[in-house]
Amino acid sequence: MKSDMNPKGSDLHCLVIGNYGNYNIGDEMLLKEVIREVSNGSQVRFNFYIPTRHEDFVKIYHEELVGRVTPIYIKDFKKLITAVLNCKMIVVGGGGIWSGDTGLLAHFVPFLSIAGKLCLKKIIFKSIGLYSTASSLDRFFVNLSIAFADMCSVRDNESYQMLWQINRNKKAIRTDDLSL
């Protein structure tokens, strides 16, 4: 049986991880900007897999992206694993993902990005927030995963300061918040 997430032709499949599909208009605007920036200037068509709690969010917030965005229920581990295996790129962000208010599932994002790198995927952290209020364990694993990533941008000075020196010197750049 053929999976509904098999790569087709010259399409490039990308997994985008953030707080998308939770009916927060700010996060939905971030997703639009991530998709715009990742797709900008490319000659190939991008298809985006988005882990979410509410699969109907595309019809509500991203009608123009129907057919290019495939929502995946966050607890459908089989589809998530299939998406990771079929994608060429994993984008984490944008947004303030790690803070004192970090949700349970966000703790697993660094492990997913490391697993993606082990599967030879391009890993990009895009305009993320990593704050001093995040647990030391979260800060450790986020920094570890960034060390393996291909690219990293953070959205503010505090997040930049939370990065390990090696990540600041060799990997990360400070960019404007995507929502601006």
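The second largest pocket of this predicted model has a volume of about 240 Å³. The largest pocket holds about 710 Å³ of space.

**Second largest pocket**

- Lining this pocket are 17 residues, and those nearest its centre are E37, V38, I124, K126 and M151.
- Helix 1 (25–39), strand 5 (122–130) and strand 6 (151–154) are the elements that each give two or more residues to the lining of the second largest pocket.
- Strand 5 provides the largest share of that lining, with five residues.
- Sorted by class, the lining of the second largest pocket comprises nine nonpolar, five charged and three polar residues.

**Largest pocket**

- The space in the largest pocket comes to about 710 Å³.
- Its lining is made up of 29 residues, and I17, I74, L105, A106 and V109 are the closest to the centre.
- Two or more residues of this lining come from each of strand 2 (46–52), helix 3 (77–86), strand 4 (89–98) and helix 4 (109–118).
- Helix 3 contributes the most to the lining of the largest pocket, namely five residues.
- The lining of the largest pocket has 16 nonpolar residues, ten polar ones and three charged ones.

- Most peptide bonds are trans.
- G94 belongs to strand 4, one of the elements that give two or more residues to the lining of the largest pocket.

- Most residues other than glycine have a negative phi.
- Y23 sits in the loop between strand 1 (12–17) and helix 1.
- The relative accessible area of Y23 is 35%, so this residue counts as partly exposed.
- L120 counts as exposed because its relative accessible area is 75%, and the cut-off for exposed is over 50%.

Technical notes: Residues numbered from 1 in each chain as written. Predicted model: local features only at pLDDT ≥ 70, side-chain atom pairs only at ≥ 80, totals over all residues. Heavy atoms only, no water. 1 Å grid on protein atoms, 1.4 Å probe; cavity = no way out; pocket = protein on both sides within 12 Å on 5 of 7 lines; lining within 4 Å. Points joined across faces, edges and corners; volume = space filled by probe spheres on them. Helix = DSSP H or I, 4+ residues; strand = E, 2+ residues; numbered from the N terminus. Nonpolar A, V, L, I, M, F, W, Y, C, P; charged D, E, K, R; others polar. Buried < 20%, exposed > 50% of the residue type's maximum accessible area, 1.4 Å probe, protein only.
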